[in-house]
Amino acid sequence: MTSTTASIDIAVPADRVWRLIGGFDSLPDWLPYIPTSELSEGGRVRTLTSEDGGAIVERLVAFDDAARTYSYSILRAPFPVTGYLSTLTVHALPGEDASRVQWSGTFTPHGVTDEEAAALFHGIYSDGLAALRRTLGAGAA
C-alpha cells in the first residue's frame, strides 16, 4: 500500500472553505478538471466526468460535518491503482482567520511503481488545492 498527502494554507476561514468543498457533489464548484458530478444511491455515490470525458465513480465512506472532513473510495476510474481511499479535511489555523486544507490518499499501485502512483495522486491533490485557492480568490495564509 502506498500513500501521499498534499496540503495548502489559505487565507480564508475554515467554515467558508468547508461550505465550498464539503458537499460530496461540489467538486465542479472548485476543481476545473472535473466539470460535472452526478449523485446516486441517496448521495453516497458520485459519478464525475473529467475534462476529457472520462468517468470516475466514487463512494462516500465517511462524512463528519463538525470536523470538516470526508473520505471516499474509488469504485471505477482510469487510474493504475486498487484499494483507493482518500480523505479531504479542512482545519482552522489557530489564532488566524485562515485554514489548512489537506487531501490524502492510500492505494495499491497496479502496473506502476509505488513512486509513480504516489506522484500521480500527489500531482492531482496539489493541483486541485491550488485551484481551490484560486477559486476562493485567496492568498497563502
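Helices (H or I, at least four residues) and strands (E, at least two) are DSSP runs, numbered from the N terminus. With that numbering, Glu-41 sits in the loop between β2 and β3 (45-49). The model described here is predicted.

**Strand pairs**

- β1 and β7 are joined by 9 bridges in the antiparallel sense, and Ser-3 stands opposite Thr-106 in β7.
- β6 and β7 also run antiparallel, with 10 bridges between them; Val-90 has Val-101 in β7 as its bridge partner.
- β4 (residues 55-64) and β5 (residues 69-76) form an antiparallel pair over 7 bridges, and Glu-58 faces Ile-74 in β5.
- β2 and β3 pair over 5 bridges, again in the antiparallel sense, with Val-45 in β3 as the bridge partner of Ser-40.

**Turns and loops**

- Most residues other than glycine have a negative phi, and most peptide bonds are trans.
- Glu-41 is not a glycine, yet it has a positive phi of about 50 degrees.
- The hairpin that holds Glu-41 is made of β2 and β3, with 4 residues between the strands.
- Is Glu-41 buried or exposed? Glu-41 has a relative accessible area of 52%, and the cut-off for exposed is over 50%, so Glu-41 is exposed.
- Arg-68, in the loop between β4 and β5, has a positive phi of about 55 degrees although it is not a glycine.
- Arg-68 has a relative accessible area of 15%; buried means under 20%, so Arg-68 is buried.
- The hairpin of β6 and β7 has 6 residues between its strands, and Gly-95 in the turn has a positive phi of about 75 degrees.
- Ala-77 is located in the loop between β5 and β6.
- The relative accessibility of Ala-77 is 26%; this lies between the 20% limit for buried and the 50% limit for exposed, so Ala-77 counts as partly exposed.
- Apart from neighbours within four places in sequence, Ala-77 is in contact with Ala-55 and Ile-56.
- Ala-77 and Ser-104 are 27 residues apart along the chain, and their C-alpha atoms are separated by 17 Å.

**Helix against helix**

- Two packed helices are described by the angle between their axes and the distance between the axes.
- α1 (residues 14-21) and α3 (residues 114-136) pack at an angle of about 110 degrees, and their axes are 12 Å apart.
- Angles of 65 to 115 degrees count as roughly perpendicular, and α1 and α3 are therefore roughly perpendicular to each other.
- Which residues meet in this contact? From α1 they are Arg-16, Val-17, Leu-20 and Ile-21, and from α3 they are Leu-132, Thr-135 and Leu-136.
- Of the residues in the contact of α1 with α3, 5 are nonpolar, 1 is polar and 1 is charged.

**The nonpolar core**

- In soluble globular proteins, nonpolar side chains tend to be buried together.
- The largest nonpolar core has 35 residues, of which Ile-21, Trp-30, Val-101 and Leu-132 touch the most other members.
- Two or more residues of this core come from each of β1, α1, α2 (27-30), β4, β5, β6, β7 and α3.
- Which element gives the most to this core? It is α3, with 7 residues.
- Not counting residues up to four places away in sequence, Val-101 touches a set of residues that includes Ala-6, Ile-8, Val-17, Ile-21, Leu-88, Val-90, Leu-129 and Leu-132.

How values were computed: Residues numbered from 1 in each chain as written. Predicted model: local features only at pLDDT ≥ 70, side-chain atom pairs only at ≥ 80, totals over all residues. Heavy atoms only, no water. Axes fitted to C-alpha atoms, helices over the stretch in contact; angles between N-to-C directions. Parallel < 35°, antiparallel > 145°, perpendicular 65-115°, else oblique. Contact = heavy atoms within 4.5 Å. Nonpolar A, V, L, I, M, F, W, Y, C, P; charged D, E, K, R; others polar. Pairing = 2+ DSSP bridges. Core = buried A, V, L, I, M, F, W, Y, C linked by side-chain atoms within 4.5 Å. Buried < 20%, exposed > 50% of the residue type's maximum accessible area, 1.4 Å probe, protein only.
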